Amino acid sequence: MQERRLKNSSSSRAGQNSPDEQELVRLVRSKDPDGIRCFYDRYAGYLTAVCSRYLTGRADVEDTLQESFLQMIDHIGRFQYRGEGSLRAWASRIVVNQSLKALRKNGRLVYVEDLPEQEDEADFSLPEIPPGVILEMIRSLPDGYRTVFNLFVFEKKSHKEIAALLGIKEDTSASQFFRARATLAKKIKAYIKEQNHE
Amino acid sequence: MNKNWTDQLPELFEDYREAPPEGLWDAVRAGVESRRRRLPAAFWYAAAGLAAAAAIAWFVFLRPVSPKPAVTLVPGGLAAITIPEIRTELSAFVPSSVRSLARTRQIPNEVLPVIQDEYPPVTLDEDTPVMPSEEFPVMPGEDPSVILSEAKESPITEESPVGNLPVAQQIPPESVSEPRRTFTPGVQITLSSSGPSQHTADVVNGYGLPSALFTKADASGPSAEFRMVGRNKPSTTNSSYARLPRWALGVNVGLTRRLSLESGVVLSPLQTTLTTEAGSNRIETRKDQYYLGIPLHLQYSFWQGRRLGLYVTGGPMYQFAVASRVRTTAEPLSGGSVQTLEESHSLLRDALWSVDLSAGVQYRIFRRGSLFVQPGVSWYFPRADAPDNFYSAHSAAFELSFGYRLRLF
């Protein structure tokens with residue numbers, strides 16, 4: 001029996017005729033090589049952005065994404081389809097969990113407890129700033145700030161949930177978030193000011 | 001002033017993509033192919049199940065016949081040993097040529113093993129009818145090997161009036177073989193139940209309905225509408241995780257005199273309830289899950305009295321979800337009827353490993369039946385993608401099992 005191998009080239013049947021999420025799940029569940037390639041092509045970019053919000057090192061991002069994709073392919077049988085977008089949300093949760101695991105493993109989660117930063121009035125409009133620029137600003141935050149900020153803003157976790165997830169106090173989570181937000185607001189204002197001068 | 005500018009971020013990043021790291025696809029592809037070459041877990045479970053079934057079948061159908069010499073009481077104060085029944089132990093004293101002799105030989109009463117006082121004394125006279133064959137029972141606390149060694153010390157002598165029966169004296173002592181095993185392998189059926197275990201998590205105060213509700217935020221339907229209604233309202237959430245009484249049916253196979261292997265099936269019902277009060281409404285989501293577990297436990301009996309026994313048992317258990325139901329209801333706090341928003345019976349797939357360790361006390365109430373009580377702890381291996389239930393809320397849980405063991409042989 002001829003062994004079916006995953007295609008190496010980026011052009012695949014899946015890329016030509018893109019299946020919907022339910023069909024994609026079925027293909028990945030049956031370990032169809034084209035289905036796996038299609039799944040990767042469709043979500044790799046989005047999940048790289050998600051992972052890059054938590055991890056700054058390129059090697060860490062690559063390792064975490066690799067492990068996440070393997071977890072998704074292995075455990076796709078546990079995914080329950082709940083409408084269009086649910087597969088992406090499920091994949092995103094796995095990437096976030098793996099990213100947190102990588103942060104814990106590397107012992108990077110240090111929560112800086114300095115004086116709270118005073119937040120200035122946020123008189124800017126976010127849609128005018130490219131998301132890539134904001135992502136770089138988020139990535140420049142200290143690990144503790146960045147992790148709490150991401151969990152609160154993007155994953156919609158409460159401080160209680162974040163505290164339980166990271167093994168910290170609820171107050172610590174709240175203070176890390178406020179410092180992260182204040183720092184980020186300053187960076188955004190500085191960026192806008194710089195753009196206006198140019 | 002725009003204090004909530006962070007709320008715009010998720011929308012801003014909704015369609016944002018970054019270029020994946022170079023070589024990521026190659027790494028994923030290599031990982032998938034290397035995992036594909038590994039034997040699937042199902043293969044190992046099937047292999048373990050077949051091995052267990054083969055072991056049980058061997059003990060049931062092919063095990064060596066345990067020593068069960070039969071004694072027939074006959075009139076005239078004499079007893080007879082039915083020769084074909086003498087196999088393992090007594091064959092050490094009776095050469096194989098005896099088996100070709102007449103089936104019944106008379107021997108005096110004094111060489112018969114002493115029958116314990118639990119059995120009524122038998123008066124032998126002319127009118128005593130021939131009794132049916134009765135096994136030599138191994139009495140509680142007796143060791144078959146001790147009985148055997150006692151028998152060796154007082155073998156049948158040349159003077160014994162056994163007619164022309166060849167006697168042990170004719171057999172060199174060194175040729176007397178030891179019995180092949182010094183214990184009788186036993187098989188027990190176990191039916192047990194563990195008490196319920198409940199944990200109520202802390203109350204969570206926040207805004208809106210928590211994302212932890214089992215129905216997803218992107219789900220459509222009444223609960224999604226309800227979630228939108230409560231979105232920016234202060235909320236209080238109570239979460240409760242419970243494991244209802246679990247039931248187990250097992251088979252225990254003796255390996256040595258003290259060690260035995262136990263396996264079977266364990267049914268564990270879990271119940272998870274999240275109750276959130278937001279605005280003027282209360283929403284409750286209850287998830288019932290049923291897990292079927294296959295334990296593989298080693299049991300070590302470290303003390304055995306006439307009736308009472310103490311043992312420890314432990315080992316891994318693989319559990320997987322076999323049924324589930326999620327029900328979401330809403331109730332106006334101002335009063336009014338409870339409204340069912342969603343009800344689903346679809347299976348929430350999950351599987352996990354646990355390790356169990358217990359100590360038990362067993363009391364024999366009948367010849368073959370025992371009651372036992374078995375307190376212990378279980379450790380559930382945590383997983384990042386585990387569903388929200390009792391197992392994910394508790395890595396370790398105490399349990400108290402009790403049940404009945406029936407010894408088949």
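These are my notes, topic by topic.

**Ground rules.** I am working with a predicted model, where local features need pLDDT of at least 70, side-chain atom pairs count only at pLDDT 80 or more, and totals for chains, interfaces and linings use all residues. Residues are numbered from 1 along each chain as its sequence is written, chains are lettered from A and ligands numbered from 1 in the order in which they are written, and side-chain values use heavy atoms, with hydrogens and water left out.

**Fold.** I looked up the secondary structure of chain A and found nine helices and zero strands. Helices here are DSSP runs of H or I with at least four residues, strands are E runs of at least two, and both are numbered from the N terminus. I then checked burial: 52% of the 198 residues of chain A count as buried. Buried means under 20% relative accessible area, exposed over 50%, and partly exposed in between, with a 1.4 Å probe and protein chains only. Next came contacts, meaning heavy atoms within 4.5 Å. Of those in chain A between residues at least 6 apart in sequence, 71% join residues at least 24 apart.

**Helix pair.** I picked helix 4 (residues 58-74) and helix 5 (residues 86-105) of chain A; they pack at about 135°, with axes 9 Å apart. Axes are lines fitted to C-alpha atoms, for helices over the stretch in contact, and angles run from 0 to 180 degrees between N-to-C directions. Helix 4 of chain A is therefore oblique to helix 5 of chain A. Oblique is what remains after under 35 degrees (roughly parallel), over 145 (roughly antiparallel) and 65 to 115 (roughly perpendicular). Helix 4 of chain A contributes residues including Leu65(A) and Met72(A), and helix 5 of chain A residues including Trp90(A) and Ile94(A).

**Thr64(A).** I found this residue in helix 4 of chain A. Thr64(A) is buried at 7% relative accessibility. Beyond neighbours within four places in sequence, Thr64(A) contacts Cys51(A), Leu55(A), Val95(A), Gln98(A), Ser99(A) and Ala102(A).

**Cysteines.** I searched the whole structure for disulfides, cysteine sulfur pairs within 2.5 Å, and found zero. Cys38(A) is buried at 5% relative accessible area. Cys51(A) is buried at 0%.

**Glu155(A).** I placed this residue in the loop between helix 7 (143-153) and helix 8 (159-166) of chain A. Is Glu155(A) buried or exposed? At 18% relative accessibility, Glu155(A) counts as buried. Its C-alpha is 8.8 Å from that of Val96(A), 59 residues apart in sequence. Beyond neighbours within four places in sequence, Glu155(A) touches Arg53(A), Tyr54(A), Val96(A) and Asn150(A).
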